[in-house]
Amino acid sequence: MIGRAVRDQLLAGGAEVDVWDLSADPPIDVASPPRVTHRYDVVFHLAANTENRAIYLAGALESLAALAGVLDAVRHRPPGAIVFTSSQLVYGSGENMPETAATAPASGFAAGKLAGEILLAAFG
């Protein structure tokens with residue numbers, strides 16, 4: 001839902017947009033996307049397995065595989081920027097956790113988001 005809203009805003013602003021989406025017809029395998037042949041100005045990675053936060057590892061691994069696939073696809077032509085949506089849950093289960101708090105993910109979803117942040121840091 002967030003991805004569609006971002007896409008619509010970008011298109012309304014005149015941007016060229018490519019969408020890799022599991023719900024597309026035909027579906028895109030975001031864990032094995034095609035290698036890109038041009039350089040993107042910005043890559044938005046908004047995918048997350050939010051419906052299955054209770055599934056400890058499966059959801060985390062699915063989301064992380066999707067991010068790794070996107071990074072692998074653009075690694076030969078790195079984008080100008082990558083926008084990644086993480087979660088306050090990487091800091092624990094409390095409300096309004098400051099971004100300066102130590103990370104303490106308490107679910108597979110949160111662990112996957114934190115692993116995504118680390119993977120992005122390694123990507124550069």
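This report covers the fold, confidence, core, surface and salt bridges of a predicted model.

## Model and confidence

The structure is a prediction. Mean pLDDT for the chain is 83. A value of 70 or more is reached by 85% of the residues.

Strand β2 (residues 81–84) has the highest, with a mean of 93. Helix α2 (residues 58–74) has the lowest, with a mean of 83. Where pLDDT is low, predicted coordinates should not be read in detail.

## Fold

The chain holds three helices and two strands. Read from the N terminus, the order is α-β-α-β-α. Strand β1 spans residues 42–45.

## Core

The chain has 124 residues, and 26% of them count as buried. The largest nonpolar core has five residues. Its members are Val36, Tyr40, Val43, Val70 and Val74.

Val36 also has contacts beyond its neighbours within four places in sequence. These partners are Trp20, Ala73, Val74 and Arg77.

## Surface

Val42, Phe44 and Val83 form a nonpolar surface patch of about 210 Å². Val42 lies in strand β1. Val42 is partly exposed, at 37% relative accessibility. Patch residues need over 30% relative accessible area, so Val42 passes that cut-off at 37%.

## Salt bridges

Side chains of opposite charge can pair when their charged atoms come close. The count here is two salt bridges.

One joins the side chains of Arg7 and Asp8, with an N to O distance of 2.9 Å. Arg7 is partly exposed, at 29% relative accessibility. Asp8 is partly exposed too, with a relative accessible area of 40%.

Another joins the side chains of Asp72 and Arg75, with an N to O distance of 2.5 Å. Asp72 is partly exposed at 43% relative accessibility. Arg75 counts as partly exposed at 46%. Both N to O distances, 2.9 Å and 2.5 Å, fall within the 4 Å cut-off for a salt bridge.

Technical notes:
Residues are numbered from 1 along each chain as its sequence is written. This is a predicted model: local features need pLDDT of at least 70, side-chain atom pairs count only at pLDDT 80 or more; totals for chains, interfaces and linings use all residues. Side-chain values use heavy atoms; hydrogens and water are left out. Buried means under 20% relative accessible area, exposed over 50%, partly exposed in between (1.4 Å probe, protein chains only). pLDDT is the predictor's confidence in each residue, from 0 to 100. Helices (H or I, at least four residues) and strands (E, at least two) are DSSP runs, numbered from the N terminus. A nonpolar core is a set of buried Ala, Val, Leu, Ile, Met, Phe, Trp, Tyr and Cys residues joined through side-chain atoms within 4.5 Å. Contact means heavy atoms within 4.5 Å. Patches are made of residues with over 30% relative accessible area and no salt bridge: like charges are joined within 9 Å, nonpolar side chains (Val, Leu, Ile, Met, Phe, Trp, Tyr) within 5 Å. Accessible areas come from the Shrake-Rupley method with a 1.4 Å probe; for residues, only the protein chains shown count as cover.
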